[in-house]
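Let's take a friendly walk through this model, one topic at a time. Have the sequence and the 3D view open as you read.

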Amino acid sequence: MIEPGGYIRDIFNKPVGTPVEAYGWVKTRRDSKGVSFIQLNDGSAFQDLQVVVDAGTIPEEALSQATTGACLRVSGALVDSPGSGQAVELKATGIHVYGAADPATYPLQKKGHTMEFLREIAHLRTRSNTFGAVFRVRNALSFAVHKFFQERGFLYVTTPIITTSDAEGAGAMFGVSTLDLMNLPRTPQGGIDHAQDFFGKKASLTVSGQLEAEIFALAFSNVYTFGPTFRAENSNTPRHLAEFWMIEPEMAFCDLDGNRKLAEAFLKYIIAHVLDQCAADLEFFNKRIDNTVLETLEHVAGSDFGHVSYTEAIRILEQSGRDWEFPVRWGVDLQAEHERYLTEETFKKPVIVTDYPREIKAFYMRLNDDEKTVRAMDVLAPRIGEIIGGSQREERHDVLRDKIRAQGLPEEHYWWYLELRKYGTAPHAGFGLGLERMLMYLTGMKNIRDVIPFPRTPGYAEF
Ligand code: 4AD
Ligand code: MG
């Protein structure tokens, strides 16, 4: 029997002399006279286990196959390591090769690969230093998300992936249909007859779980979702994916200030957790990817976020003297260049922008008394720009109905959303954190395609 759980990371903590069996993949191999050094990694830690093979101690057939990429079981004893870089190493007395990897064709060679090339071998990039670290941080981050909300009594709710309502009212949705594309049923007016489709009406992949989370918040008070979301916008940028993961808390009896406070506490908590759990991985990012990562994260954990209204932000941008690619005036949406200026130049830390013009924000955001702005908030982070979008929700039935109409949205699709305002409405608020944007912030990785296992972007859905 082979049981799971014999991790290399636990081997490092065993006393010298302990007999051990280690399982993993060869990261690199180096031969000098009389001895071979094999760096073995099983993904459990950044650090490789150094396996030392003295000439003649292992049958040549096995040793010759223990090359980069091969999968091995190594048995032996832990000894003090004379080399720098590790306290102990494994002196091999036996090597079993589960799977060899022909060095002539194995695509993941020692170094020098571009991120673009590694994306093409996403079935193997997971074994590299960079992607090992990325996915351990992603794991720790996901756990920290649940921990934060569970410690505060939030109910975890899964919201549907297939939906018939457009949560953002923006229309950038992927359709879900079983109709025969070659032979589409038509309505008398010539449109597509979705009555004959699988769900009996037009269905799509969800852009957000928020609207359903609101249903749950108006029964369980504090809830959160954590799931995949889909956007069919043709945005080919380093910070957009067509499929990404979003964390969406929703709180009854909460206003915009409460929302802002929770978002800040949440970000600080997950940063602290990852700093604590993934020290070696973060050190690697700091050394090899972006030498400001550690300093930035430690700084954020200990300082208050900035806060500025949209109107004030526009004034700052207008007075900056910058020559913007996207011109600035009250009413325009903030672009990445503006967001980065605010957070990197003006505040030099994360900043929360609130109270945006109603025209550029979703229909569900609460209208301010000026009737021009809504109780929106975006959290902007240095290097990334927007990592969180949220708002206090419009809880007044008639105001919400009028906003849905004013945006030209089909009122009948939102009948249940409106009824929540008719029966026991409550002030409530929430936000959405993009998991991959947060990972970019934590790791310093420059392209969002490199912090998700298998990216989906316009023209690309391999693996
Ligand atoms: O600002 P967004 O669109 O907000 C919502 O979806 C709300 N329903 C959230 C809520 O209030 N419950 O998206 C939220 C976050 C963004 O701030 C960003 O981090 C991320 O989701 N995001 C994306 N991440 C990767 N690729 C994309 N195409 C993204 N679009 C949004
Ligand atoms: Mg947004």
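Is histidine 194 buried or exposed? Please keep in mind that this is a predicted model. Histidine 194 has a relative accessibility of 18%, and because the cut-off for buried is under 20%, histidine 194 counts as buried. You will find histidine 194 in the loop that runs between strand S8 (175-176) and strand S9 (203-205). Apart from neighbours within four places in sequence, the residues in contact with histidine 194 are Leu179, Gly200, Lys201 and Lys202.

**Two domains**

Stepping back, the chain is split into domain 1 (8-106) and domain 2 (127-172 + 207-450). Their C-alpha centres are 44 Å apart. Domain 1 gives 8 residues to the contact, and domain 2 gives 8 residues as well. Between them, the two domains bury about 650 Å², with 52% of that area on carbon and sulfur atoms. On the domain 1 side, Trp25, Lys27 and Phe46 lose the most area to domain 2, and together they make up 73% of what that side buries.

What kinds of residue does domain 1 turn towards domain 2? By class, the touching side of domain 1 has 4 nonpolar, 3 polar and 1 charged residues. Between the domains there are 0 salt bridges, but 4 residue pairs are in polar contact.

**Salt bridges**

Side chains of opposite charge can pair when their charged atoms come close. Over the whole structure, the search finds 29 salt bridges. Here are some of them:

| Pair | N to O distance |
|---|---|
| Glutamate 214 and arginine 393 | 3.9 Å |
| Aspartate 290 and lysine 446 | 4.0 Å |
| Arginine 340 and glutamate 344 | 2.7 Å |

Glutamate 214 sits in helix H5 (residues 210-220) and arginine 393 in the loop between strand S15 (385-392) and helix H11 (397-406), so this pair ties together parts 179 residues apart in sequence. Glutamate 214 and arginine 393 are both buried. They also belong to a network of salt bridges that links Glu214, Glu250, Arg393 and Arg421.

Aspartate 290 lies in the loop between helix H7 (279-288) and helix H8 (293-301), while lysine 446 is in the segment after helix H13 (435-443), so the pair joins parts 156 residues apart in sequence. Aspartate 290 is buried at 10% relative accessibility, whereas lysine 446 is exposed at 54%.

Arginine 340 and glutamate 344 share helix H10 (residues 336-347), where they are 4 residues apart, about one turn of the helix. Arginine 340 is partly exposed, with a relative accessible area of 35%, and glutamate 344 is partly exposed at 26%.

Definitions and conventions:
Residues are numbered from 1 along each chain as its sequence is written. Chains are lettered from A and ligands numbered from 1 in the order in which they are written. This is a predicted model: local features need pLDDT of at least 70, side-chain atom pairs count only at pLDDT 80 or more; totals for chains, interfaces and linings use all residues. Side-chain values use heavy atoms; hydrogens and water are left out. Helices (H or I, at least four residues) and strands (E, at least two) are DSSP runs, numbered from the N terminus. Buried means under 20% relative accessible area, exposed over 50%, partly exposed in between (1.4 Å probe, protein chains only). Contact means heavy atoms within 4.5 Å. Domain bounds come from an automatic or database domain assignment. Buried area is the accessible area (1.4 Å probe) that two parts lose on being put together, summed over both. A salt bridge is a side-chain nitrogen of Lys or Arg within 4 Å of a carboxyl oxygen of Asp or Glu. A polar contact is a pair of N or O atoms within 3.5 Å; within protein, one must be able to donate a hydrogen and the other to accept it, and residues adjacent in sequence count only if both atoms are side-chain atoms. Ala, Val, Leu, Ile, Met, Phe, Trp, Tyr, Cys and Pro count as nonpolar, Asp, Glu, Lys and Arg as charged, and the others, Gly among them, as polar.
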